[in-house]
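Please look over the structure shown here before reading on. The text after it goes from the whole chain to single residues.

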Amino acid sequence: MTYDESIYRRRDTETTDPSGMTGHRASPTDSFSGFRESDPLTETVPRRPVPPAVLDDVFDDPAEGEPGRDRMAVHIVWEVVLLAAALGVAFLLRQQDPAALRGDRLDQLLVAAASLGLLTLGAGLTLRAGAVNLALGPVAVASALHFAEQGDKGVASVLGMVVLAALALGLLLGLLVVILHVPGWAASLAAAAGVIVFIERRHVPVRVQGQFDPTDHAMYLFAGVAALAILGGLFGTVKAIRRSVGRFRPVGDPARRRGPMAATLTAGAITISMPLAAVAGVLTAAVATGPIRPTSGIDLTALAVGTALLAGTSAYGRRGGVFGSVFAVALVTLVPVYAAARGYRISTATLAAAVIVVGLLVTRLVETLGRPKSAADDSWREPTTRARSNSRGEITDSWSSALPAKSTEAHPDPWESDRWSPNGR
């Protein structure tokens, strides 16, 4: 008899339990192949692997995150409301002052919208990353002052210097936020104070030097900013990108570090937001009809953050729409122009305060209606194992018995016990 006979081959597919009974061992093709057979007396049975679909839906941490895809319907509805509001204000402005939407005034309006759009992009990007940058306004004012002083030396050289300085400041700020893992608003507030010190060195308004006029390319500037905002919003609808960019958003303990991916993307968002603010400041100075005043720029920060919130970007991070930034920028740009046409003057701080209040209401709307549908469904649980060992190395069965506990009465009759009755299950 050789060792390749069927009796020996059959032993490869059978196993004997401690009671001596023989049973069939699960093969890789069995329906319960997710459980790997093991000896309950020597090791624990590993838990069933989590399906890839579940892992794909988990946000950040399986224990604390929100499984499922964010609902975009609330963003779509709100963006329709923003579009209707912007078109309504434009219609009223055309009725009140038709010249405001034609010729040179329209070009100036488009450049102003492009400048606000760049600030809003910077604010929205850092908001989504969970580390809002409050230094955007001061950086824009400082860039405008520098361009006003040095504009006669060439637009390219001055703009390049401004962008490089803003990049350096953004990189330092991003590293401070992610290395210490501190809130972005706190660190950027310190950066804003430092930039304000640079601004306060000018005691009088600065007249713009040079002849650069961006109104000749007003339509292209606004279209470029709008395309950049829409492209960023479209990328933000991809679940993997949305989840990665918003990973700095607190989950559980807000002081806990969120890992190298969260640190890298958050630092990148802060770094990119600074040059956007710098270019916005240059555009503002280039279309200014008078000298540039050395203000703190905090009102510009408030307006940019408020417009981003109004666009549908959550104040908590991660969540946001697609077209909301474009529509919100158009609305916020048109409102003061229409008010001026009606004989009212709205300051930047007043407009920013109103926009922030409405934006906070939008944040609550987005967080309430934009959460994943499965976030409230707690049906998925960590699979339990059939056998586990306690701290003393003893094997404990984690499955609950389907039969009732055995009676403690002395010598019970096994045939009269509820253990075997149909109603005892």
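What follows describes the fold, the nonpolar core, a surface patch and a network of salt bridges.

This is a predicted model, in which local features need pLDDT of at least 70 and side-chain atom pairs count only at pLDDT 80 or more, while totals for chains, interfaces and linings use all residues. Residues are numbered from 1 along each chain as its sequence is written, and side-chain values use heavy atoms, with hydrogens and water left out.

The protein chain contains 13 helices and four strands; these are DSSP runs numbered from the N terminus, helices being H or I with at least four residues and strands E with at least two. Of its 425 residues, 37% count as buried. Buried stands for under 20% relative accessible area, exposed for over 50%, and partly exposed for values in between, with a 1.4 Å probe and protein chains only. The accessible surface of the chain is about 24,100 Å², and 62% of it belongs to carbon and sulfur atoms. Such areas come from the Shrake-Rupley method with a 1.4 Å probe, and for residues only the protein chains shown count as cover. Among contacts with a separation of 6 or more, 77% are between residues 24 or more positions apart; a contact means heavy atoms within 4.5 Å.

In soluble globular proteins, nonpolar side chains tend to be buried together. Here the largest nonpolar core has 77 residues, and Leu-82, Leu-119, Leu-173, Val-177, Leu-310 and Val-332 have the most contacts inside it. A nonpolar core is a set of buried Ala, Val, Leu, Ile, Met, Phe, Trp, Tyr and Cys residues joined through side-chain atoms within 4.5 Å. Leaving out residues up to four places away in sequence, Leu-310 touches residues including Trp-78, Leu-82, Val-332 and Val-362.

Helix α5, residues 136-150, reaches 21 Å from its first C-alpha to its last, close to the 21 Å expected; the expected span is 1.5 Å times one less than the number of residues. Of the 15 residues in α5, 13 are buried. Ser-325 belongs to helix α12, residues 324-341, and is buried because its relative accessible area is 19%.

Nonpolar residues also occur on the surface: Leu-171, Leu-175, Leu-176, Ile-179 and Leu-180 form a patch with about 450 Å² of accessible area together. Patches take residues with over 30% relative accessible area and no salt bridge, joining like charges within 9 Å and nonpolar side chains (Val, Leu, Ile, Met, Phe, Trp, Tyr) within 5 Å. Ile-179 lies in helix α6, residues 155-180, and counts as exposed because its relative accessibility is 53%.

Which residues are linked in a network of salt bridges? They are Asp-70, Arg-242, Arg-249, Arg-318, Arg-319, Glu-367 and Arg-371. A salt bridge has a side-chain nitrogen of Lys or Arg within 4 Å of a carboxyl oxygen of Asp or Glu, and the structure holds eight.

Asp-70 and Arg-242 meet in one of these, at 2.8 Å from N to O. Asp-70 lies in the loop between α2 and α3 and Arg-242 in helix α9, so the pair ties together parts 172 residues apart in sequence. Asp-70 also forms a salt bridge with Arg-319, the closest N and O atoms being 3.5 Å apart. That pair links the loop between α2 and α3 to the loop between α11 and α12, 249 residues apart. Arg-319 in turn meets Glu-367 at 2.6 Å, N to O, with Glu-367 in helix α13 and the two residues 48 apart. Arg-319 counts as buried because its relative accessible area is 0%, and Glu-367 because its value is 3%.
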